[in-house]
There are 2 protein chains.
Amino acid sequence: MKFTINRSAFLNSLADVQRAISSKTTIPILTGVKIIANNEGLTLTGSDSDISIEAFIPVEDEKNQLEIMETGGIILQARFFNEIVRKLPDDKMTIEVLDHFQTLITSASASFTINGLDPNNYPHLPVIDSNESFILNVNLFKQVISQTVIATSTHESRPILTGVNIVIENNTLSAVATDSHRLSQRIIPLEMSEEQARQKYKIIIPGKSLIELSKILEEDAETAEMMITENQVLFKTENLYFYTRLLEGIYPETQRLIPDTSSTSVVFNATSLLGSIERASLLSHEGKNNVVKLSVSKDKVEISGNSPEIGNVQEEIHFQSFQGEEIELSFNPDYMKDALRTFGQSDILVKFTSPIRPFVIVPSEDGKEFVQLITPVRTF
Amino acid sequence: MKFTINRSAFLNSLADVQRAISSKTTIPILTGVKIIANNEGLTLTGSDSDISIEAFIPVEDEKNQLEIMETGGIILQARFFNEIVRKLPDDKMTIEVLDHFQTLITSASASFTINGLDPNNYPHLPVIDSNESFILNVNLFKQVISQTVIATSTHESRPILTGVNIVIENNTLSAVATDSHRLSQRIIPLEMSEEQARQKYKIIIPGKSLIELSKILEEDAETAEMMITENQVLFKTENLYFYTRLLEGIYPETQRLIPDTSSTSVVFNATSLLGSIERASLLSHEGKNNVVKLSVSKDKVEISGNSPEIGNVQEEIHFQSFQGEEIELSFNPDYMKDALRTFGQSDILVKFTSPIRPFVIVPSEDGKEFVQLITPVRTF
């Protein structure tokens, strides 16, 4: 293998595949990046066996200044190789595989010779041979990810809850996550073929995979193709393939957890409520119980927190409108902060039922497609 | 004590004194910031007993929007207090000490009540009653600090070497640091009174203190006053007092370490040489011996590094001029990188004597006031 390439184009693709490469892996070959050169271009691959990412750098795109002098492949230790490429002196670089997988990297008058590994020993990526393919709007799907992953569990005691449950049917995609204390649900429209519309697709994607996917999906790619198989899902954009394994098992029924009715409804601005919760949580974080108290009446909404060792905080919160009964309840402010951040600067409607039953937060304009739910903490 | 103040003006001074406050201190009261209000303004104090910083916020400066309603004082836990002040909702805030050192912090509709401590229990700062006062040019002195602290030792085995040795005599200030593998020396002019000019002042300031001092000395303060006593030095700008203890003991004689003659002289550009050393050090860092090899002849200057497990690197280095004999030597690239960074983008003269004797780096224009010295590593 021998090629010359524009260094920053190469670095961009290398950074993409490195998202999948963990230095903590128990499989040494996976600390490496696989580079394959054929006449069409370069393919870089990184994997931690949960996620695999493949980036293609085409010869035909002139920005890449890619010239393949000899096809072939190599595996190079990713972290170290990246450092070398970043520090090279010139805009262009040449990589050449010598005997015994030794690899020569040259740029201007600098030359590195480093030991590589046989690319044939790299694990095979899953073969995705599926007709179950859907076209996603990238911006919208990134929204879905950021709004739901916050509620995934980080504990491995119930592995299924570390994922986001995605159900595709009737031209909609519904995403739900819950760690059993809180829940996030977002529904978006999705185009399906007539044949697909007759079926129902259910997959559970690990939250961590979605976070990496979100980082790698570029704002400038408008759409991505999602292909589903039994235990893998592949997201494809023009030059990037993102594979992740799926979680196995049955996701708990969540629809019944979201209350239909409420006894108290208050409209707030999300940003200003977030500020108040952040202040109240300063003291609860220092104490033993990470809890703040909200008391809501038609004249006054007040938040308070206290830590016997340190002190207390209270603040009257501005609200747009109030309907229903007075209520007083306590909750974990961190859940509330996570939830509020997913609404940006918009106005929100908070609906309470009782001090011990979950309350929900929805956009004040349209509360059907997006719901955040939080279970209060019983303090009495 | 009760006052209102502009929150960002207060935060700026709080950030300054917090540089001296360590959360790791064994003296609990020193995790707090002391706030004293008198009719002229507020004084904030932080200390870790090595360094103490006092910031004054005058009433007369209208930017501060400071109004003292009641004089007095309090000590508040610094980290936590800072978080509260940063998160307050309004531009202005009010602080009021209630009974039992409870302190009420209010801003718009938010109010915090936190437990404080009696300010009378705060350790007394050293009294600097000295005629030995010098006026420093802030920019120049910050240069002296950044150019010398790199060579201070970080090992406590020889505590004296963790400081910078400052000698003031004959209208010059000379600063020297060495960790016994390398040495930095910088000399600057200093105005002295006739009486001072008849004396010689020697102090050893801890490197850590100088790093903090450098961060706190603002670019817009043109001068600072330095006042010396037997075991403390005080740096004063308009509203800031920075105290540090001095290191006790005799600093080793360093002048004889700097060679007068050389057998090889090469002129490089500091930035471009730094790039080459950084590349060569990528491989030496991975190996067991952190060493790179430089070979210098009239036709070619080459740097190389290698790590048997990983590979090797070599690069021909561009140089402006060469004089003297061929030489080949090895050194720790990290020392070289530290030294080269202190020269910015300028041209430098590197003077070698022998592969086992220290070499020096000086500005190519004027090599008397600033010297970096590095001892080679013997590899044969």
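Residues 136–253 of chain A are 21% helix and 41% strand, with end C-alpha atoms 25 Å apart; helices (H or I, at least four residues) and strands (E, at least two) are DSSP runs numbered from the N terminus. The model is predicted, so local features need pLDDT of at least 70 and side-chain atom pairs count only at pLDDT 80 or more, while totals for chains, interfaces and linings use all residues. Residues are numbered from 1 along each chain as its sequence is written, chains are lettered from A in the order in which they are written, and side-chain values use heavy atoms, with hydrogens and water left out.

**Annotated domains of chain A**

- An unreviewed UniProt entry places "domain: DNA polymerase III beta sliding clamp central" at residues 136–253; such annotations may be inferred rather than shown by experiment, and their positions follow the numbering used here, with feature names shortened.
- The UniProt annotation "domain: DNA polymerase III beta sliding clamp N-terminal" (unreviewed entry) covers residues 1–126, a stretch with 17% helix, 44% strand and end C-alpha atoms 25 Å apart.
- For residues 256–378, UniProt gives "domain: DNA polymerase III beta sliding clamp C-terminal" (unreviewed entry); here the chain is 21% helix and 41% strand, and the end C-alpha atoms lie 21 Å apart.

**Interface of chain B and chain A**

- In contact (heavy atoms within 4.5 Å) are 28 residues of chain B and 28 residues of chain A.
- The buried area, meaning the accessible area (1.4 Å probe) lost on putting the two parts together and summed over both, is about 2,400 Å², with 54% from carbon and sulfur atoms.
- Elements of chain B that give two or more residues to the side touching chain A are α2 (78–87), β9 (110–115), α6 (270–286) and β21 (311–317).
- That side of chain B comprises 12 nonpolar, 7 polar and 9 charged residues, where Ala, Val, Leu, Ile, Met, Phe, Trp, Tyr, Cys and Pro count as nonpolar, Asp, Glu, Lys and Arg as charged, and the others, Gly among them, as polar.
- Strand β9 (residues 110–115) of chain A pairs with β21(B) in the antiparallel sense over 5 bridges, pairing requiring at least two DSSP bridges; A:T113 has B:N312 as its bridge partner.

**Salt bridges**

- A:D50 forms a salt bridge with A:R245, their closest N and O atoms being 2.7 Å apart.
- This pair links distant parts of the chain, 195 residues apart: A:D50 is in the loop between β3 (41–47) and β4 (51–58), and A:R245 is in strand β17 (residues 240–245).

Definitions and conventions: Salt bridge = Lys/Arg side-chain N within 4 Å of Asp/Glu carboxyl O.
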